[in-house]
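Please find below a note for a colleague who is opening this structure without having seen it before. The points are numbered, and each can be read with the model on screen.

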Amino acid sequence: MAFDYSLDFQNLDLRKHPELYRVGKGEQGVLLVEPYKSEILPYWRFKTPDVARESSQKIYELFLAYLEQDDFVGADMARKFLQMGYTRSRRYANHKSGRKYKSNPQKASSREEQIQARKDILPYQVDPLKAESAEIFKEKWIQAKTNDKYLQLLAKHKQMYEQE
């Protein structure tokens with residue numbers, strides 16, 4: 001089920017109301033869902049491989065701690081931060097500015113302009129350090145998303161809201 005952006009995230013504690021959480025796709029909601037965002041975000045860094053290694057390890061430890069508490073929402077948010085560590089590192093590895101497109105497709109006023117903006121990709125400027133940071137996060141992200149207990153809690157969570 002799609003991530004529900006209509007919720008009042010500024011006033012919602014999803015630890016108290018996990019039934020309202022929807023996984024969505026990829027990293028959806030990663031910077032919205034509290035109290036997890038505030039617990040995980042301070043550790044999310046990828047500037048160098050050493051920083052990425054320390055960051056991804058700490059976030060993975062949080063992931064495991066959430067699993068120990070059977071806190072699926074927390075575990076999923078930690079998984080999303082690991083995924084975002086990979087995708088953002090990868091973007092900076094490919095584009096020094098962190099911007100992929102010349103103009104932001106999300107600010108386009110029409111569907112046609114959005115499509116055109118997505119075709120106007122900035123040139124690659126490969127940064128091997130950011131690429132290494134990306135690989136470090138990718139390894140932890142794969143460990144998280146294939147963790148047996150995580151997969152069990154994911155199936156249980158999906159089953160819970162499919163019955164609604």
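1. In what order do the elements of the chain run from the N terminus on? They run α-α-α-α-α-α, for the chain has six helices and zero strands, where helices (H or I, at least four residues) and strands (E, at least two) are DSSP runs numbered from the N terminus. This is a predicted model, in which local features need pLDDT of at least 70 and side-chain atom pairs count only at pLDDT 80 or more, while totals for chains, interfaces and linings use all residues. Residues are numbered from 1 along each chain as its sequence is written, and side-chain values use heavy atoms, with hydrogens and water left out.

2. As to overall dimensions, the C-alpha trace spans about 45 × 40 × 25 Å along its principal axes. Of the 164 residues of the chain, 41% count as buried, a word that here stands for under 20% relative accessible area, with exposed meaning over 50% and partly exposed lying in between (1.4 Å probe, protein chains only). The accessible surface comes to about 9800 Å², and 50% of that surface belongs to carbon and sulfur atoms; the areas come from the Shrake-Rupley method with a 1.4 Å probe, and for residues only the protein chains shown count as cover. Among contacts (heavy atoms within 4.5 Å) between residues at least 6 apart in sequence, 67% join residues at least 24 apart.

3. Two backbone features deserve a look. Most residues other than glycine have a negative phi, and most peptide bonds are trans. The peptide bond from glutamate 34 to proline 35, however, is cis, with omega near 10 degrees, and proline 35 is found in the segment before α1. Aspartate 70, in the loop between α2 (49-68) and α3, has a positive phi near 55 degrees, and this residue is partly exposed, with a relative accessible area of 49%.

4. Glutamate 34 also lies in the segment before α1 (36-40), and its side chain is joined to that of serine 38 by a polar contact of 2.9 Å. A polar contact is a pair of N or O atoms within 3.5 Å; within protein, one must be able to donate a hydrogen and the other to accept it, and residues adjacent in sequence count only if both atoms are side-chain atoms. Not counting residues up to four places away in sequence, glutamate 34 touches Leu12, Asp13, Leu14 and Arg15.

5. A polar atom of its side chain lies 3.3 Å from the backbone oxygen of glycine 26, and its contacts, leaving aside neighbours within four places in sequence, include Val23, Phe63, Trp141 and Tyr150.

6. Alanine 134, which lies in helix α5 (residues 128-145), counts as buried at 0% relative accessibility. Apart from neighbours within four places in sequence, alanine 134 is in contact with Tyr86, Ser89 and Arg90. Alanine 134 and glutamate 19 are 115 residues apart in sequence and 32 Å apart in space, C-alpha to C-alpha.

7. On a 1 Å grid over the protein atoms alone, a cavity is a set of points where a 1.4 Å probe fits but cannot get out, a pocket is an open set with protein on both sides within 12 Å along at least five of seven lines, and lining residues have an atom within 4 Å of a point. Grid points are joined across faces, edges and corners, and a volume is the space filled by probe spheres set on the points. The lining of the largest cavity has seven nonpolar, no polar and two charged residues, where Ala, Val, Leu, Ile, Met, Phe, Trp, Tyr, Cys and Pro count as nonpolar, Asp, Glu, Lys and Arg as charged, and the others, Gly among them, as polar.

8. The largest pocket holds about 330 Å³ of space, and its lining divides into two nonpolar, four polar and four charged residues, among them Arg91, Tyr101, Asn104 and Arg118. The second largest pocket holds about 190 Å³; its lining includes Asp70 and Leu14, and α6 gives the largest share, four residues.
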